[in-house]
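Biologist: I have a model open and some questions about it. Can you take me through it?
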Amino acid sequence: MRVKLSALHAAIDFDYTPEELVTKLGDVGIEIESTESTAATFKDVFVARVMHTALHPTHHRLQLVDLDLGPRGTTSVCTAATNVREGDIIPVVIPGGRTADGMDIATRMFGTVESFGMLCSWKELGLDGDLLSSEEKEGILHLGSGAIVGSLFEEAWPIGDTAFEVSVTPDRGDALSVLGLARWIEVLKARDADQPFDMGDIKLPLPSTLPHARNDGDLAVTINDQSLCSSYIGVLVQDVASGPSSHAFRTQLYQLCVRPVSRIVDMTNLCLKQYGQPTHAFDYDRLQEHRIIVRTSLPGETIVTLDGVVRSLEPGTLVIADAAVPVAVAGVMGGLTSSVTAATTRIVFEIAHFDPRAVAHASRHLGIKSDAAYLYERGTDPGLTVSAVPSVLSALVREQCLGSYVSCVASAGIPVPAKPPLSLDLDRVNGYLGSNLDAADMQRLFGYEGITSSITGTTLSVTPPSFRGDLTSWPEYVEEIVRMEGYNEFPSHTPNLVLRRGSESPLKALCKRLRQILVGIGLVESCTVSFVRESTVTAMGLPPAPLLLNPLTVDWDALRPTMAVGLAGAAVRNLSRGREGFASFEIGKTFSVRDQSFDEETRLGILLTGKWQDANWTTPAASTSIFVLKGIIESVLRDLHVSCNVVSSDSAILETGASVLVSSETMALGTLGILRHDVGALLGLERDTFYAEFSVDALLKSIPAIGFKEFSRFPSIRRDIAVLVDSSMTAGQVQAILTEHGGPLLKKIVVFDSFQGDSLPTGKKSVGFSMEFASPDRTLLGDEVDVLVSSVEAALATRVGGILRRTRV
Amino acid sequence: MPSTIDEIRTALETRLTATRDAQDVRNAQIEYLGKKGTVTALLKQISGVAEDQRRQFGEQVNALKQWAAQAIEQKLSDLSSKAHRYDIDFSLPGQLMPAGKKHILTQVEEEVESVFLSMGFDIEEGPEIEQEYYNFEALNIPADHPARDMQDTFYLAPGMLLRTHTSPIQVRTMKRENPPIRMIATGRCYRRDAIDASHTPVFTQVEGLVVDKGITFADLKGVLQEFVRGVFGSSTNVKLLPSFFPFVEPGAETAISCPICGGKGCPTCKNSGWIEMGGSGMVHQNVLQEVGYDTSIYQGFAFGWGIERIAMIKYGIRDIRMFYDNDLDFLGQF
Ligand SMILES: [Zn+2]
């Protein structure tokens with residue numbers, strides 16, 4: 001909400017500077033997001049009355065304008081403006097003066113005619129265009145009757161001011177008006193002076209009785225459900241003459257940061273902004289039987305709202321109806337059929353208090369956000385404001401010559417009954433705050449806010465003012481104590497808690513451990529958004545991803561079913577900046593949906609492409625490859641003591657023949673392979689990309705308990721063999737034979753070499769194994785190892801026709 | 001044959017000159033003079049050499065053996081006694097090692113978690129796809145309450161949404177366990193906010209909750225004080241400001257003394273010396289009642305802060321989007 005300092009000063013006297021006000025209001029929970037000070041930057045601008053206009057003798061696009069400057073005499077100017085007529089009250093800057101945009105004004109010749117100054121539009125005056133009507137922004141500014149001819153413009157228009165942008169939390173509906181802010185300023189003053197809150201300090205008119213209240217058949221108001229509408233007042237006006245508001249009213253609106261529209265709209269806006277009380281104008285003659293009934297909607301009822309939209313009303317929606325149909329959605333928006341038009345001669349202004357929840361529900365259900373609904377759902381004052389605003393409005397009607405005021409027609413429920421008092425236990429409050437306040441302290445603090453209280457022993461009986469609809473339970477009163485005492489006047493204390501160890505879930509601990517291992521290997525962790533584009537997921541050949549009903553953008557309309565999309569995006573970003581590779585992982589949730597049931601799983605994604613370590617003089621650049629990726633997975637699994645078994649397996653996003661399923665002893669863990677090139681292209685990756693995705697939950701379930709195993713403390717003996725086998729055989733199949741025939745002393749096998757081509761016969765390949773033998777209880781002899789190797793060699797020959805290429809000690 | 005002897009001698013000489021490693025010298029000793037050593041093999045060949053050359057060959061081999069034994073001994077004694085002067089260009093860079101890095105958000109999250117673990121807080125988790133009930137209703141945010149507007153929400157289906165805060169984990173924990181509760185929850189949250197330098201639709205929160213007998217507003221301040229000192233340094237102070245969050249009452253915005261300027265005023269703290277970090281307050285009665293706690297016995301406090309915000313303040317990062325861009329030039333800095 002935007003409001004100016006001058007409007008606040010008009011509502012209450014106070015000495016705080018704008019800066020002090022910002023700090024002090026912030027201390028009680030009303031945030032001023034920004035302040036903007038304006039001052040008159042023009043010089044020698046006066047209010048003038050047009051006495052006479054004539055065409056320029058030679059320059060036909062110019063007018064000669066004779067001006068009355070009151071006590072300052074008369075003058076004349078040439079102007080190209082077309083909206084200047086005899087009798088207009090307009091601003092003029094005289095020779096020696098300056099406009100707000102910095103133009104110095106001197107006497108100037110137009111042909112044979114001398115011009116003594118310049119007429120001003122809003123721009124030359126540096127006014128806030130947001131707060132002016134479209135007419136006010138066309139050509140020369142018209143001040144209207146009421147501006148004193150001959151006065152300085154800054155005396156006729158509130159120029160020097162400070163605008164505040166007030167941001168209030170949903171519970172501070174009471175601060176959403178000038179009156180509301182003035183009350184909080186009164187609270188600040190009361191606290192500073194250690195005096196109780198005094199509503200009498202508020203300068204805005206707040207009459208508590210309705211003027212000319214009657215209910216004599218001109219208009220009948222009925223409330224069907226008092227719990228949804230505690231009071232309803234219709235202000236009846238006839239002989240309505242519309243038109244723009246007076247100069248004085250418009251400058252008042254300027255201070256309230258309200259843009260003028262028309263007398264009727266301006267009046268309703270003033271009530272809203274100054275008092276926080278929404279009002280609505282009906283065309284009296286368009287109300288069937290001149291009746292207003294506050295009721296809930298019936299099944300099948302519809303309404304055409306002011307914006308021209310036909311809306312079907314959910315049964316039970318709080319509406320204002322005439323004798324036949326709903327004419328407004330209570331507190332949300334009026335209906336078109338009952339709205340004020342150019343032909344309207346009689347008006348009913350509505351001033352009411354509606355249940356915040358009822359308005360909020362209707363506003364949300366219909367998808368209508370209006371200023372009135374915004375206020376109502378945050379809670380308006382069911383007491384003083386409802387009774388004061390009809391008087392204010394009827395005074396305005398007279399002042400602005402809107403029409404002849406007839407009467408206020410009130411429903412039952414006026415005045416609104418006060419809320420019952422609430423009991424506050426002293427010990428409970430102190431026990432909640434960790435404080436040591438006595439009852440008198442609390443009474444004093446409540447007094448600053450206008451909360452009345454009486455003390456009985458250690459109990460306070462408290463009653464809130466009618467505008468504090470937020471005070472309904474004892475902790476809310478505790479908050480007021482804190483607010484008034486000062487949030488930082490309370491001690492800081494560490495709780496007396498039982499000493500114990502904090503714990504985290506095994507899954508969380510595993511995620512931390514995985515990150516540690518992968519970072520140690522040399523991978524960088526990414527964090528990518530969880531959203532993907534549905535069409536991308538479909539094009540990747542993945543099962544449907546959960547869709548958002550209200551995505552922010554079409555690029556993010558689904559939840560990620562894989563970590564690949566985000567990691568690929570991170571890779572693309574880095575490669576596009578000239579990097580030669582990217583090696584990264586991410587641990588996070590992936591999502592799936594089946595039969596409208598959503599599921600999420602913690603997964604680890606690893607993506608490698610290009611070089612992953614730079615070259616320097618000691619080392620060439622390290623390129624990523626499918627075996628770098630497999631090595632990373634093997635290292636991780638080894639670290640976790642999880643066995644690593646691979647089987648060829650097709651995967652949606654990996655190339656055929658370049659994709660394996662990795663399993664532990666008990667379950668599938670994930671897949672790794674070469675990212676399908678068309679998927680890579682879809683994600684913007686042109687080069688070979690290696691991708692693995694693992695279930696962290698499955699990893700967690702696969703981690704075995706670790707116990708000590710006896711190991712050999714004697715020297716081991718190594719034997720290397722290279723064997724020629726059919727190309728169709730895998731290294732793993734050959735190694736299995738080594739394991740089987742090497743006996744229990746064969747401790748470790750390492751593949752040191754694997755190739756085909758060159759000098760080898762076609763259809764054959766060579767695989768080199770390094771075997772390490774050791775005994776747990778003695779030093780092995782070379783000869784006995786040779787025997788073991790011979791038996792391995794023999795088995796290779798008989799089982800797979802392996803031809804021994806060489807052995808090495 | 002003589003060339004072989006010379007070759008062996010040259011090879012050993014080169015090897016001994018090059019090495020500074022005693023183990024390598026001992027390996028050479030075995031390779032040349034051991035049972036299966038090169039020189040030993042030559043000695044065995046002497047008897048098989050033709051009579052006329054045997055004597056000369058024998059002398060040469062024995063000379064080689066003697067020289068090798070002495071050279072090796074000499075080298076070993078050099079290595080153990082004499083300080084050799086190296087001449088290494090240390091301006092050359094070392095061999096590159098793998099340069100892995102945890103994401104800055106992970107680093108900060110783990111740091112925050114370790115502070116709370118050390119104070120005996122459990123770390124709880126919950127689903128990111130959440131029921132509307134846990135995200136809103138159970139936290140005293142009824143369907144038509146304007147507080148819902150504070151958190152613009154992504155929906156997946158009627159009643160199913162992406163959690164807008166980690167607070168549903170409070171509810172789930174309290175429904176599962178009886179007091180005393182001392183927990184934090186960290187995790188990813190989602191809000192349908194337009195993207196700018198301080199908003200991304202995905203962000204990370206840390207949520208804290210303590211419920212027990214006699215937990216007070218003063219305790220809240222004390223715990224937050226410990227927390228910010230653990231994360232931002234021991235001279236950091238906490239200030240509470242009135243604010244509103246539907247699930248706490250009294251509610252407070254928490255500000256810390258600006259760790260960048262130490263409270264003197266700088267652009268980051270907009271010259272106020274204080275930086276707002278997140279919400280906190282005493283757990284609302286409605287929330288405790290909703291999970292079935294007896295509010296006449298138990299009370300507690302809760303707080304919820306953004307991990308991104310903590311990282312931004314701690315490291316002076318100006319744009320929240322950088323966390324999710326994963327630019328290596330950014331990630332490598334922390
Ligand atoms: Zn600072």
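Biologist: How many salt bridges over all chains?
Modeller: A search of the whole structure finds 63. A salt bridge here is a side-chain nitrogen of Lys or Arg within 4 Å of a carboxyl oxygen of Asp or Glu. One of them joins Lys24(A) and Asp192(A), at 3.0 Å from N to O.
Biologist: Which parts of the chain does that pair link?
Modeller: Distant ones, 168 residues apart. Lys24(A) sits in helix H2 (residues 18–27) of chain A, and Asp192(A) in helix H5 (residues 178–193) of chain A. Helices are DSSP runs of H or I, at least four residues, and strands are E runs of at least two, numbered from the N terminus.
Biologist: What are the ground rules for these values?
Modeller: This is a predicted model, where local features need pLDDT of at least 70 and side-chain atom pairs count only at pLDDT 80 or more, while totals for chains, interfaces and linings use all residues. Residues are numbered from 1 along each chain as its sequence is written, chains are lettered from A and ligands numbered from 1 in the order written, and side-chain values use heavy atoms, without hydrogens and water.
Biologist: On to the interface. How many residues of chain B are in contact with chain A?
Modeller: 90 residues of chain B, against 88 residues of chain A. Contact means heavy atoms within 4.5 Å.
Biologist: And what area is buried there?
Modeller: About 7600 Å², with carbon and sulfur atoms giving 55%. That is the accessible area (1.4 Å probe) that the two parts lose on being put together, summed over both.
Biologist: How many salt bridges between chain B and chain A?
Modeller: The count is 10. Among them, Lys512(A) pairs with Glu113(B), with the closest N and O atoms 3.1 Å apart.
Biologist: Which helix gives the largest share of chain B's side?
Modeller: Helix H8 (residues 217–232) of chain B, with 8 residues.
Biologist: New topic. Where does UniProt put the "TRNA-binding" domain?
Modeller: The unreviewed entry places that feature at residues 39–154 of chain A. UniProt positions are in the numbering used here, feature names are shortened, and annotations may be inferred rather than shown by experiment. That span is 5% helix and 37% strand, and its end C-alpha atoms are 9 Å apart.
Biologist: What does UniProt annotate on chain B?
Modeller: An unreviewed entry has "Aminoacyl-transfer RNA synthetases class-II family profile" covering residues 104–313 of chain B. Those residues are 28% helix and 31% strand, and the end C-alpha atoms lie 13 Å apart.
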